[in-house]
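Here are my notes on this protein for your first read-through. Keep the structure open beside them and check each point as you go.

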Amino acid sequence: MKKLKLDIIGLSYSQTQSGAYALVLGEVNGRRRLPIIIGGFEAQAIAIEIEKMTPSRPLTHDLFKSFADAYHINIQEVIIYNLVEGIFYAKLICNDGKKTLEIDARTSDAIALAVRFECPIYTYEFILASAGIVIEGNDFLFLDNIEPVAEDGPLTTVASSSSSSGDKFSGFSNEELQTKLQEALAEEAYEKAAKIRDELNKRKSS
């Protein structure tokens, strides 16, 4: 079965489920997008690595990466290989230099590891055909209107969160925001750090 490569397009607060995030994967050289609802911890793990933030202590996915590196295990690719009753199924293709193994993983964990191992993400045509959305124009315009599929069932440039989340930081200067960002990372307040980074990114793009 032919594999289709995906890129991470965006990550934003879910408009449909409180406390959850919408992770959007995009078909490489195509217009289809695969939106998936994931939990806050996994979303932060993905965002922190994409933004190259350095937490004061290793997160779980960072620990996994260090453990794998110590034993010379590499993740070659991540495959989202099935979608059953609203639940995505993913697996890690791992190699230790001698043999290749497939390990089942939650989709959000698999993506968090993919960005750390800098490995490709794939899926199959039947998944994009059933859960994908064809996008015209700006990739982020549709995030408020889509109904993403939950990765665990009944649950970047990183896309900015809802406008209210950034308002509390709008009165600070860039230097003050940088200081608050470092303080949030030191306190392991990663959700706050992500919001501050969103505000800084919004200013850079304006």
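1. Overall surface. The accessible surface of the protein is about 10800 Å², and 50% of that belongs to carbon and sulfur atoms. Such areas come from the Shrake-Rupley method with a 1.4 Å probe; for residues, only the protein chains shown count as cover. Of the 206 residues, 48% count as buried. Buried means under 20% relative accessible area, exposed over 50%, and partly exposed in between (1.4 Å probe, protein chains only).

2. Ground rules. This is a predicted model: local features need pLDDT of at least 70, side-chain atom pairs count only at pLDDT 80 or more, and totals for chains, interfaces and linings use all residues. Residues are numbered from 1 along each chain as its sequence is written, and side-chain values use heavy atoms, with hydrogens and water left out.

3. Helices and strands. The protein has seven helices and nine strands. These are DSSP runs numbered from the N terminus: helices are H or I, at least four residues, and strands are E, at least two.

4. Helix α3. Look at residues 107-117. This helix is mostly covered, with 11 of its 11 residues buried. Among them are Asp-109, Arg-116 and Phe-117. Glu-118 follows α3, and its phi is positive, near 55 degrees.

5. The largest core. A nonpolar core is a set of buried Ala, Val, Leu, Ile, Met, Phe, Trp, Tyr and Cys residues joined through side-chain atoms within 4.5 Å. The largest one has 33 residues; those touching the most other members include Leu-11, Leu-34 and Ile-80. Elements that each supply at least two residues include β1 (3-13), α1 (40-50) and α4 (125-131). The largest share, six residues, comes from α3.

6. A second core. This separate core has 11 residues, including Ile-48, Leu-177, Leu-181 and Ile-196.

7. Aromatic pairs. Rings of Phe, Tyr and Trp (its six-membered ring) pair if their centres lie within 6.5 Å; planes under 30 degrees apart count as stacked, over 60 as edge-to-face and the rest as tilted. The count is three pairs. Phe-67 and Tyr-71 have ring centres 5.2 Å apart and planes at 40 degrees, so this pair is tilted. Both Phe-67 and Tyr-71 are exposed. Tyr-124 and Phe-126 have centres 6.4 Å apart and planes at 10 degrees, so they are stacked. Tyr-124 is buried, at 12% relative accessible area, whereas Phe-126 is partly exposed, at 36%.
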